[in-house]
Amino acid sequence: MRNVWEFASTQRIVFGSGAINQLTDIVADLHAKSVFIITDPGIKKAGILDKVVAALDGSDLKIEIFADTQPEPSIEAALGCYEFAKAKLDTDVIIGLGGGSSIDLAKVTSLLMAHGGNPSDYFGEFKVPGPVAPMIAIPTTAGTGSEVTSVAVVTDTENQLKVGISDNYLRPTVALLDPELTVGLPPYVTACTGIDALSHAIEAYTAKPFSSVAATGKILFQGSQPVSDALAMQAIELIAENLVLAVRQGTNLEARSNMLLASMLAGMAFSNAGTALSHALGYPIGGLVHSPHGEVTGLMMPYVMDFNASVVPEKMIKIAKAFGIQTTQMSKHDAAKAAGEAILQLLKDIGLPTNLNQIGIKEENLDEIGRKTLGIERLVRNNPRVPTEKDLIELVRKAY
């Protein structure tokens, strides 16, 4: 039994409309003479990269740009970005600009710039030997919370599996969040990233209590604890009130701001408490299809919540209430089950799939998904209800 929990986060958070205009001062505080910006073609095309470069105008900084980040970056892509960075300049600060893929790629590049090697050398928890290159994370989506987390995910294309590197050294030095940078996000991307943030918050909130997580030694994902619970619940409430609005009214700056705040809070929560079964299932599913990570974890959430409802009924009831469900006349069982039903309805309201066959999973994949999920022990152990392989296969079949 564990008697002690810890809470860690990014060193500095700068949040608000127009916050991007503080970038020069932030870089100066890090005593940088050169910056390496990692972003993607969409961010460049949308003109957001230009805004960031303009914010650095007149600072006498040497700026290099890698704008070729692809969704769910592979090990090979991470090595390519690292080699590009090495060839260009002696980088003082790395800026990750974009969604989770760009920020994750910036984290891995920061790691390799400091310690070399291959991303696979660091798979798992606490494999990073020391501090990485200073990094500023500037999210342009409200979803992954990567700007405040200790996790970077890359795709192992050889084994058709997404793999995580988890270490507190990977937390960005500065998280710079400007809601104005998210206003141009298309409805589908808003939906996928928003449901990702919600899955982070719900899994952190309903995770097994820190005192009950069966693991020896030092662990990064500790299970639920008071600080992560408070952050996760606030994130759930914000998302319940703002996600549909952000999807349907993309220029609603208040909804965008609330979603960006929720994503950050959820990131702070899950990077300490951990995620659980929805994310564990997302690894083998994500290796089989090209759906965005958030779409996959969001799709699995209602089924996982239904599976877990009998073990954490009080927390599920609070989630149901956050979505406006009147639970006073319900039995405890029905009120807890209503939480998963609320998320299923939310998926429909924002136009996301609710079954695995809609994203390209075949019936012959289902048993394999169940078996592979059980092997992702650091996430499965966090789930409030301990699953068997049979449970997982049955759960996946329900989602199919």
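Which residue in strand 8 is the bridge partner of A152? It is I165, and the sections below set that pair in its surroundings.

## About the model

This is a predicted model, in which local features need pLDDT of at least 70, side-chain atom pairs count only at pLDDT 80 or more, and totals for chains, interfaces and linings use all residues. Residues are numbered from 1 along each chain as its sequence is written, and side-chain values use heavy atoms, leaving out hydrogens and water.

Strands here are DSSP E runs of at least two residues, and helices are H or I runs of at least four, numbered from the N terminus. Two strands pair if DSSP finds at least two bridges between them.

Because 5 of its 6 residues are buried, strand 7 is largely enclosed by the rest of the structure. Buried means under 20% relative accessible area, exposed over 50%, and partly exposed in between (1.4 Å probe, protein chains only).

## Nonpolar cores

The largest nonpolar core holds 78 residues, and L281, I285 and L356 have the most contacts inside it. Helix 8 (residues 253-273) gives the most to this core, with 11 residues. A second, separate core of 25 residues includes I165, along with F66, A78 and A133. Such a core is a set of buried Ala, Val, Leu, Ile, Met, Phe, Trp, Tyr and Cys residues joined through side-chain atoms within 4.5 Å.

## V227 in helix 7

V227 lies in helix 7 (residues 226-248) and is partly exposed, at 31% relative accessibility. Beyond its neighbours within four places in sequence, V227 is in contact (heavy atoms within 4.5 Å) with W5 and F7. V227 and F7 are 220 residues apart in sequence, yet 7.5 Å apart in space, C-alpha to C-alpha.
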